[in-house]
Amino acid sequence: AILDTMGVWCWGGERSYYGEENTSELDREPEHVNDINKAIKIYGMSRSLLFKNEEGKLYGVGDNRSNELNKSSSQSQFDIPVEIDNVSVEQEIITSGAGHACSLYDGLITCWGSNYYQQISKKEVGVWHTEVPEVQNAKHVGLGSRHTCAINGMNEVWCWGSNEHGQ
C-alpha cells in the first residue's frame, strides 16, 4: 500500500524480501518498507517489489536471483532500492508476474527477469532483458506467474511462456 506520505507498507509473506528483517513468521501487520519514499505506483512480484517515484524513475528492492530487478549481477538480493536499468521514465504501463516484469511504451514491450518458461522471450532462452518485437504496436500487456500476454494494434492476443494450464 502507498500512504499519502508516499511511503510503502507491505504484509503477508512468511519471509520479507523488501528491506525488512527476514523472519519465519507470517507478517500479519503492515510493515514500512525501508528507504522507499515518494512512491506513486508499486508493482509486486513474488519476492521483489518495483516502485515508481514522483520523478517517474523505476526502482526495485528484494530478490534478484532471476534478475527480477533488471540487474545482471551476482548479488541475489537488494535490501536498499536500486534503479531499474533500461526502463525510461516514459514507460507508463508496467506489470509484474511472479519473477518477471514488462513495460510498454509507444507500442513496444520490454520484459526482464526470469525466462525459465520463456515468459519474457519465446525466441531467446537464457536472456534476462529483452524487447518483444513479435507483438507490433502493442496496446496492453499482462503477466501471469509463468506467462505473458499482450494485445497488438490489430486487437489480436499474443501469449508466450508456460501453457501448463491452458493459459
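Both F51 and Y59 are buried, where buried means under 20% relative accessible area, exposed means over 50%, and partly exposed covers the range in between (1.4 Å probe, protein chains only). The model is a predicted one, in which local features need pLDDT of at least 70 and side-chain atom pairs count only at pLDDT 80 or more, while totals for chains, interfaces and linings use all residues. Residues are numbered from 1 along each chain as its sequence is written, and side-chain values use heavy atoms, with hydrogens and water left out.

A pair of aromatic rings is described by the distance of the centres and the angle of the planes. Rings of Phe, Tyr and Trp (its six-membered ring) are taken as a pair if their centres lie within 6.5 Å; planes under 30 degrees apart count as stacked, over 60 as edge-to-face, and the rest as tilted. The structure holds 2 aromatic pairs. The ring centres of F51 and Y59 are 5.6 Å apart and the planes are at 20°, so this pair is stacked. Y116 and Y117 form an edge-to-face pair, with 4.9 Å from centre to centre and 80° between the planes. Y116 is exposed, with a relative accessible area of 69%, whereas Y117 is partly exposed, with a relative accessible area of 29%.

A search of the whole structure finds 2 disulfides, a disulfide being a pair of cysteine sulfur atoms within 2.5 Å. With the bonded cysteines of the chain numbered in sequence order, the pairing is 1-2, 3-4. The torsion about the S-S bond of C102 and C111 is about 100°, so the disulfide is right-handed. C102 is buried, with a relative accessible area of 0%, and C111 is buried, also with a relative accessible area of 0%.

C149 and C159 form a disulfide as well, and their sulfur atoms are 2.1 Å apart. Here the torsion about the S-S bond is about 110°, so the disulfide of C149 and C159 is right-handed. C149 lies in strand β12 (residues 147–151) and C159 in strand β13 (residues 157–161), so the pair ties together parts that are 10 residues apart in sequence. Strands (E, at least two residues) and helices (H or I, at least four) are DSSP runs, numbered from the N terminus. C149 is buried, with a relative accessible area of 19%, while C159 counts as partly exposed at 36% relative accessibility.

Strand β9 (residues 108–113) is mostly covered, as 5 of its 6 residues are buried. Two strands pair if DSSP finds at least two bridges between them. Strand β8 (residues 100–105) runs antiparallel to β9 and is joined to β9 by 6 bridges; S103 has T110 in β9 as its bridge partner. The strands β8 and β9 form a hairpin with 2 residues between them, and D106 in the turn has a positive phi of about 55°. β9 is also joined to strand β10 (residues 129–131), by 3 bridges, and these two run antiparallel. The bridge partner of C111 in β10 is T130.

V89 lies in the loop between β6 (77–83) and β7 (93–96). At 36% relative accessibility, V89 counts as partly exposed. Apart from neighbours within four places in sequence, V89 is in contact (heavy atoms within 4.5 Å) with K52, E55, G56 and K57. V89 and K57 are 32 residues apart in sequence, but 5.4 Å apart in space, C-alpha to C-alpha.
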